[in-house]
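Dear colleague,

I am passing on the structure we spoke about, and I would be glad if you looked through it with the notes that follow. They begin with the charged side chains and then turn to the ligand.

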Amino acid sequence: MTFDPAVLIAPPVRELAPYVPGKPIEELEREYGIRDSIKLASNENPFGASPRVREALIRASAEIGLYPDGNGFALKQALAEKHGCSPESITLGNGSNDVLVMLAEAFLTPQTEAVYSEYAFAVYPIAVQATGAKAQVAPALGPDQTMPLGHDVEAILSLVNQRTRLVFVANPNNPTGTSLDETSLRRLITETPRTALVVVDEAYIEYTDPGFPDASRWLSEFPHLVVTRTFSKAYGLAGLRVGYALSHPSVAEVLNRVRQPFNVNSLALAAARAALEDQEHVRRSVTAAREGLRYVKRELDRIGVRHLPSQGNFVLVDCGRPALPIYERMLRAGVIVRPVGGYGLPNHLRITIGTEEQNQRMLAALEHALSQP
Ligand SMILES: *Cc1c(COP(=O)(O)O)cnc(C)c1O
């Protein structure tokens with residue numbers, strides 16, 4: 001008898017397409033035989049982690065023979081202080097991705113549903129589909145709206161019903177950079193019945209304008225609200241994988257049941273604590289990203305490339321024609337950006353804001369790539 005894993009595969013996994021990450025620098029350089037490439041494809045912090053993180057990692061490396069603290073006591077204490085909540089409200093994850101998967105595992109079944117918007121973060125469909133739950137995808141706002149391709153709260157709410165267990169929104173959203181204002185976000189939370197959880201993914205909250213709505217402040221008002229945060233972006237720890245959820249303690253208790261033991265490793269725990277202590281590094285990184293975004297947008301206007309409003313450390317550009325050939329030409333120039341055809345945006349590229357020098361190099365590569373037919 002021949003071996004055929006396709007007949008063994010769990011039905012929900014049958015239709016699953018794997019997440020496509022940004023191209024790693026080493027892979028590009030191996031494939032194209034080039035050097036000195038830059039990656040502006042995964043919204044990482046171009047300045048990396050705080051120097052204090054490196055010191056903490058060296059100290060923590062002495063203990064890697066031991067299992068980590070499976071409850072992450074010290075990191076939860078520090079986060080509880082930061083957010084003015086109890087440690088019982090916090091669920092740590094191996095990246096916030098891990099927390100999103102825990103939410104799906106803990107609350108979804110093939111009989112239930114999850115709602116998110118068109119152009120929402122790619123991890124939501126993967127996490128939902130793997131459980132066999134039905135994904136209800138709300139059409140996004142049109143390209144000519146004030147928030148082009150943004151989330152439509154009305155459309156999302158119209159898909160919420162008695163079978164809905166999870167509603168996912170990233171604010172700001174990736175890959176669009178678009179966001180919901182306070183009124184819309186509060187309306188979404190208020191009008192979602194308490195038979196579903198609203199998950200507000202705040203991976204990019206540090207980069208947003210002053211006055212941007214921070215749902216983590218509303219946790220005591222809404223027991224069905226879950227807010228996720230990450231150390232992968234402004235804190236510069238993408239390689240270590242640490243994120244967390246803030247929620248009602250009763251929700252955290254449920255997540256803890258599906259959480260893998262020791263899901264956050266000891267180096268990540270130590271690094272996250274050190275990173276939290278260096279808020280100056282976060283501020284500097286955020287200021288540079290915001291200035292860089294303004295510069296990149298100005299230059300995009302100058303070269304006549306359309307782009308979406310962004311509250312993140314990245315911008316979604318509309319090439320006005322298929323973006324893959326442009327992406328490939330930029331690769332040959334040693335600049336990795338992110339094609340988003342998988343999101344149903346074949347003409348767009350998502351570009352992370354880098355250092356000044358990286359931004360200039362990216363813009364030159366983009367302008368050159370666009371100058372070719
Ligand atoms: C990058 C990102 C995350 C963070 O993922 P981690 O697993 O914490 O690295 C979460 N949500 C969105 C929308 C993101 O873009």
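A salt bridge here is a side-chain nitrogen of Lys or Arg within 4 Å of a carboxyl oxygen of Asp or Glu, and by this rule the count comes to 16 salt bridges. Please keep in mind that this is a predicted model. As background, side chains of opposite charge can pair when their charged atoms come close.

One of these salt bridges joins the side chains of Lys 39 and Glu 44, with 2.9 Å from N to O. Glu 44 counts as partly exposed because its relative accessibility is 28%, and Lys 39 is also given as partly exposed, with a relative accessible area of 22%.

Another salt bridge is formed by the side chains of Asp 209 and Arg 290, at 3.0 Å from N to O. This pair links distant parts of the chain, since Asp 209 sits in the loop between strand E6 (197-201) and strand E7 (225-230), while Arg 290 belongs to helix H12 (residues 279-303), 81 residues apart. Asp 209 has a relative accessibility of 35% and so counts as partly exposed, and Arg 290, at 24%, is likewise placed in the partly exposed class.

Helix H12 also takes part in a further link, in which the side chains of Glu 367 and Arg 302 meet in a salt bridge with an N to O distance of 3.9 Å. Here too distant parts of the chain are connected, with Glu 367 in helix H14 (residues 356-371) and Arg 302 in helix H12, 65 residues apart. Glu 367 is partly exposed, with a relative accessible area of 36%, whereas Arg 302 is exposed, with a relative accessible area of 55%.

Turning to the ligand, 13 residues surround it, and the closest are Asp 201, Tyr 204, Thr 230, Ser 232 and Lys 233. The residues of this shell divide into 4 nonpolar, 6 polar and 3 charged. A polar side-chain atom of Thr 230 lies 2.5 Å from an oxygen atom of the ligand, and an N or O atom in the side chain of Ser 232 is 2.5 Å from a ligand oxygen atom. For Lys 233, the distance from a side-chain N or O atom to an oxygen atom of the ligand is 3.2 Å. Taken alone, the ligand exposes 380 Å², and the protein buries 93% of that.

With kind regards

Conventions
Residues numbered from 1 in each chain as written. Predicted model: local features only at pLDDT ≥ 70, side-chain atom pairs only at ≥ 80, totals over all residues. Heavy atoms only, no water. Buried < 20%, exposed > 50% of the residue type's maximum accessible area, 1.4 Å probe, protein only. Helix = DSSP H or I, 4+ residues; strand = E, 2+ residues; numbered from the N terminus. Near = heavy atom within 4 Å. Polar contact = N/O pair within 3.5 Å; in protein donor to acceptor, adjacent residues only side chain to side chain. Areas by Shrake-Rupley, 256 points an atom, 1.4 Å probe, with all protein chains shown as cover. Nonpolar A, V, L, I, M, F, W, Y, C, P; charged D, E, K, R; others polar.
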